[in-house]
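Subject: Structure for you to look through

Dear colleague,

Please find below the structure I promised to pass on, followed by some notes on what turned up in it.

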Amino acid sequence: MSDLKVTIPGVARSDEGGAGVLAARTRGSVHVIGSGLLGASVGLGLRARGVEVTLEDLSPTTVALAADYGAGRLRGADDPEPALVVVATPPDVTADVIERALAAYPSAVVTDVASVKLAPYLELRRRGVDLTHYVGSHPMAGRERGGAFMARADLFTARPWIICRDEATPAEALALVEAVALDLGGVLLEMTPEEHDRSVGLVSHLPQVVSSLLAARLVPAAEQAIELAGGGLRDTTRIAASDPELWVQILGANREPVVELLDAFAADLGAFAEALRDPARPGAKRRIADLLAAGNRGVSRIPGKHGSSERFATITVFVDDRPGELARLLTELGELGINMEDLRLEHSPGAQIGFAEIAVLPEVAERAVADLVERGWRTL
Ligand SMILES: NC(=O)c1ccc[n+]([C@@H]2O[C@H](COP(=O)([O-])OP(=O)(O)OC[C@H]3O[C@@H](n4cnc5c(N)ncnc54)[C@H](O)[C@@H]3O)[C@@H](O)[C@H]2O)c1
Ligand SMILES: O=C(O)C(=O)C[C@]1(C(=O)O)C=C[C@@H](O)C=C1
């Protein structure tokens, strides 16, 4: 795997934009094709930065809803070409829509947010499409339900945003896609499409299958058992509520890495069941403990997994439940030169306050707290 370049978002502030409006890095207007969860979230986030956004969708209802929620406006016949087109359609039509966007807006840069990067790229190459103005991308942020109704302006805040470019990508095209990702609060990472698909196979696609199959075990279960469900089951099954149609496309487009991962996982399950079948057998208890301990080591590697990361220290800052407060905190962290490794937000139900749990390198945690307190922030 190549060296990954990582950029943590800083937030620029504009005095011209009026109170609470943050200056955008994005130059020019952005046209979003596919105005569901991802597309409308991109629109909402960019509109909050004052970027002009136009919207398109196969479904007139979806595009109207996205516009009603404030994600942008419909494109007019006289609108000039956008600077950037964001394709946020389902994976199986992504290559078609990218090809059409490149033809319809020849001076624009085109990006997409599909969950798989290799299949659309290879398909476009196979068709001989000139990809000079195309830069693939994928924000590692989403929700288990799609649709404009579920969109959120802060969906991408502090989430990894992978960019797949090649040697032919012009610097200006790359800069524009990066500007949008940073304006939306994403943390930039560069990968090849192959590296991307292998990586998300492990951290996104395998978990989806495991979660779905686990939740499927509940279907025939007795009501009395289901009633006992607690945090453990909830934590491991949230994404089982995801849209099967979207996931058939994602998994189908990344089948090789996923099947390999599933075979390895099935072997682990088999080994576990074998050891548990006769725990009195010499070595069986150790086998079970080893497999569970490997899980401890694995979970501690998940960046920002609350309370379990050994790499980072967490500082907790009180954030008033007012528009712009979180952005102000992120701006000030940037000004203080503190890199935010992860961010988790907690809201106290009914209280006008939230808590931002910010993961930072342990060596800067003390200074970060002192500097924030000096600037008037309250910390735990
Ligand atoms: N849902 C997630 O958590 C998530 C996260 C990251 C990336 N993605 C990727 O983002 C993309 C969109 O996913 P979503 O969750 O927003 O789905 P969604 O169903 O909420 O939105 C997709 C929209 O695209 C529209 N559409 C379909 N074909 C179209 C076409 N040819 N032209 C114009 N519009 C068209 C649909 O009408 C729909 O409104 C997918 O490629 C998905 O892999 C999803
Ligand atoms: O958190 C969720 O609900 C998601 O579905 C997010 C998630 C993920 O697996 O992390 C799912 C698929 C996308 O391609 C990117 C992000």
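Two residues are called in contact if their C-beta atoms, placed from the backbone, lie within 7 Å; helices (H or I, at least four residues) and strands (E, at least two) are DSSP runs, numbered from the N terminus. This is a predicted model, in which local features need pLDDT of at least 70 and side-chain atom pairs count only at pLDDT 80 or more, while totals for chains, interfaces and linings use all residues. Residues are numbered from 1 along each chain as its sequence is written, and chains are lettered from A and ligands numbered from 1 in the order in which they are written.

Just after helix 1, G50 takes a positive phi of about 85 degrees.

Turning to the ligands, ligand 1 has 28 residues around it (a residue counts if its C-beta atom, placed from the backbone, lies within 6 Å), and of these G34, G36, S115, G142 and G146 come nearest. Helix 1 (37-48) and helix 3 (91-104) are the elements that each give two or more residues to this shell, with helix 3 giving the most, four residues. Ligand 2 is surrounded by S115, M140, A141, G142, R143, E144, S204 and I239.

Best wishes
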